[in-house]
Amino acid sequence: MHRTHDLFPIEADELRAIRENTANWKVKEIDSKELTSNGYCSLNPKEVGVFLTALGYPSSTSIYIAAGEIYDGDACMVDLQSYYPIMMSKLASVEKLEPFVNHASQMAALN
């Protein structure tokens, strides 16, 4: 049985289609609730907020987003922002990265 944990139906359908249409995707049927309970899935933004709060981090703690764009962007981040409103992105703007576009090792270092 296939379940996608904490995703909206449209997100689950999109991810299912990607899995089914990607030949080298090893596992086609994923029970994300089971994977999450076994510690194999990352936390969603709401879970991160709950976890950090439980560990005693104050709401004044700065949160740095070190990944690329987050699926469903701002809508997905509302819960985390309600716990920790100081959020910053470590991603540089396109303009700031322009001098390094043709230098792969420098781009990797910036990432």
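Among contacts in the chain between residues at least 6 apart in sequence, what percentage join residues at least 24 apart? The share is 59%, where a contact means heavy atoms within 4.5 Å. The structure is a predicted model: local features need pLDDT of at least 70, side-chain atom pairs count only at pLDDT 80 or more, and totals for chains, interfaces and linings use all residues. Residues are numbered from 1 along each chain as its sequence is written, and side-chain values use heavy atoms, with hydrogens and water left out.

The chain contains six helices and two strands. Helices (H or I, at least four residues) and strands (E, at least two) are DSSP runs, numbered from the N terminus. From that end, the order is α-α-α-β-α-β-α-α. The chain has 111 residues, and 14% of them count as buried. Buried means under 20% relative accessible area, exposed over 50%, and partly exposed in between (1.4 Å probe, protein chains only). The chain exposes about 8600 Å². Carbon and sulfur atoms supply 58% of this area. Accessible areas come from the Shrake-Rupley method with a 1.4 Å probe; for residues, only the protein chains shown count as cover.

The largest nonpolar core has seven residues: L52, I63, I65, M77, L80, Y84 and M87. Strand 1 (63-65) and helix 4 (73-83) each give two or more residues to this core. A nonpolar core is a set of buried Ala, Val, Leu, Ile, Met, Phe, Trp, Tyr and Cys residues joined through side-chain atoms within 4.5 Å. In soluble globular proteins, nonpolar side chains tend to be buried together.

Helix 3 has P45, G49 and L52 as its buried residues. Seen down the helix axis, they fall within an arc of 75°, so they line one face of helix 3. The arc is that of the directions from the helix axis to the C-beta atoms. These buried residues pack against strand 1 and helix 4. After helix 3 comes G56, with a positive phi near 95°.

T61 lies in the loop between helix 3 (45-54) and strand 1. The T61 side chain reaches the backbone oxygen of P58 at 2.7 Å. Not counting residues up to four places away in sequence, T61 touches Y84 and I86.

R19 belongs to helix 1 (residues 9-21). R19 is buried, with a relative accessible area of 5%. The C-alpha atoms of R19 and I30 are separated by 9.6 Å. These two residues are eleven apart along the chain.

Methods
A polar contact is a pair of N or O atoms within 3.5 Å; within protein, one must be able to donate a hydrogen and the other to accept it, and residues adjacent in sequence count only if both atoms are side-chain atoms.
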